[in-house]
Amino acid sequence: MMKVYLGIDTSCYTTSIAIMDHKGNLLADCRRILTVKSGGRGLAQSEMVFQHTRNLPVLLEQAIAELPDSYEFSAIGVSCQPRPTADSYMPAFLVGQGYAQVIGMAVKTPVHRISHQENHIYAGLWSSAGPLADDFLALHLSGGTTEIVKVIGGKTNPQITILGESRDLHAGQFIDRVGVALGLPFPAGPHLEKLAGTGRGEASVIPVAAENLHVSFSGPESHAQRLIAKGEAGAAVAAGVELCIAESIYQLISQAVTVTQLQQVLIVGGVTANLFIRRYLQDKLSNKQVQLYIPQPAYSSDNAVGAAYFASRQL
């Protein structure tokens with residue numbers, strides 16, 4: 001009988017199920033992006049809960065269909081909160097946590113609870129095969145988080161300390177707000193990246209606000225909105241947004257490396273799936289002799305692979 005490890009993640013905009021074997025081979029990876037009405041800029045938590053509740057049985061059935069006839073769940077990993085702190089809470093994660101508890105009781109297997117941020121970090125560790133050091137820096141860049149953190153003991157039981165973050169908007173919010181203003185679907189990340197690719201040579205100049213391990217995207221977003229109102233080409237604005245985020249994050253990482261003297265950096269979160277931002281960071285950080293670890297784009301966006309991988313490492 002094959003022993004497998006189930007991962008569950010119910011984030012703000014994606015329902016995810018993943019299943020791994022004991023060697024870390026990914027057997028199933030099933031996801032469904034939550035539906036946002038055209039022109040909308042997000043969902044209420046109640047709507048997230050409703051859609052996750054509807055999606056999970058379907059995705060679990062799909063995932064199990066990819067397994068051999070004889071299997072057993074050895075452990076379950078599930079994201080239960082946004083960040084690994086006592087005051088971190090979001091109702092959307094209760095759906096995944098509830099399913100994990102019920103399945104765990106039904107098949108008498110342990111349930112390992114982690115945060116959504118830790119889930120991203122473990123997906124990054126699995127996909128990029130690094131960092132190799134136990135202590136490293138991690139950049140978490142998404143619609144709900146813009147943080148540079150120090151990870152201690154990341155391969156076993158990570159202790160995460162925030163070093164720097166956004167003072168206002170998160171990088172993903174910046175992208176989504178500008179994207180919606182440009183008439184792009186929400187979430188806007190992949191659509192803005194495609195549009196920016198046609199305006200790379202004429203990117204709009206959008207100011208960078210980064211200082212002392214903090215960045216700000218509120219001012220840059222207002223600047224981008226003014227450019228749109230003046231009739232500046234959408235592709236140029238989109239390219240300018242990418243460039244602004246990439247340079248802001250480069251400065252954030254550079255400051256963190258200087259402060260901590262840690263040279264290995266893992267970047268995770270949906271925004272880091274953007275290929276332009278990846279290449280920009282790779283090119284500029286290589287001059288600082290920083291070892292940058294980047295998961296495949298599919299494992300940068302929200303997924304349950306990290307939770308399954310975490311569960312497989314606990315036995």
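1. In this predicted model, the side chains of E242 and R200 form a salt bridge, with an N to O distance of 2.1 Å. The two residues belong to distant parts of the chain, 42 residues apart. E242 lies in helix α7 (residues 234-260), whereas R200 lies in the loop between α5 (189-196) and β9 (209-211).

2. The salt bridges of the model number five. As background, side chains of opposite charge can pair when their charged atoms come close. A further example is K3 with E72, whose closest N and O atoms are 2.6 Å apart. This pair joins strand β1 (residues 2-10), which holds K3, to strand β4 (residues 71-81), which holds E72, across 69 residues of the chain. Both ends are partly exposed: K3 has a relative accessible area of 42%, and E72 has 31%.

3. The salt bridge between E147 and R83 has an N to O distance of 2.9 Å. E147 is in strand β7 (residues 146-152) and R83 is in the loop between β4 and α2 (92-107), so the pair ties together parts 64 residues apart in sequence. Both side chains come from buried residues, E147 having 6% relative accessibility and R83 having 13%.

4. The domain assignment divides the protein into domain 1 (2-127 + 300-313) and domain 2 (131-295). Domain 1 contributes 20 residues to the contact and domain 2 contributes 26. The centres of the two domains, taken over C-alpha atoms, are 25 Å apart.

5. Helix α3 (residues 116-128) gives the most to the side of domain 1 that touches domain 2, namely eight residues. By class, that side of domain 1 has seven nonpolar, nine polar and four charged residues.

6. Where does E232 lie, and which residues does E232 contact beyond its neighbours within four places in sequence? E232 is found in the loop between α6 (218-229) and α7. Its contacts, with those neighbours left aside, are S204, L227 and V237. With S204 the side chains make a polar contact at 2.8 Å. E232 is partly exposed, at 33% relative accessibility. The C-alpha atoms of E232 and I8 are separated by 42 Å, the two residues being 224 places apart along the chain.

Key:
Residues numbered from 1 in each chain as written. Predicted model: local features only at pLDDT ≥ 70, side-chain atom pairs only at ≥ 80, totals over all residues. Heavy atoms only, no water. Domains from an automatic or database assignment. Contact = heavy atoms within 4.5 Å. Nonpolar A, V, L, I, M, F, W, Y, C, P; charged D, E, K, R; others polar. Salt bridge = Lys/Arg side-chain N within 4 Å of Asp/Glu carboxyl O. Buried < 20%, exposed > 50% of the residue type's maximum accessible area, 1.4 Å probe, protein only. Polar contact = N/O pair within 3.5 Å; in protein donor to acceptor, adjacent residues only side chain to side chain.
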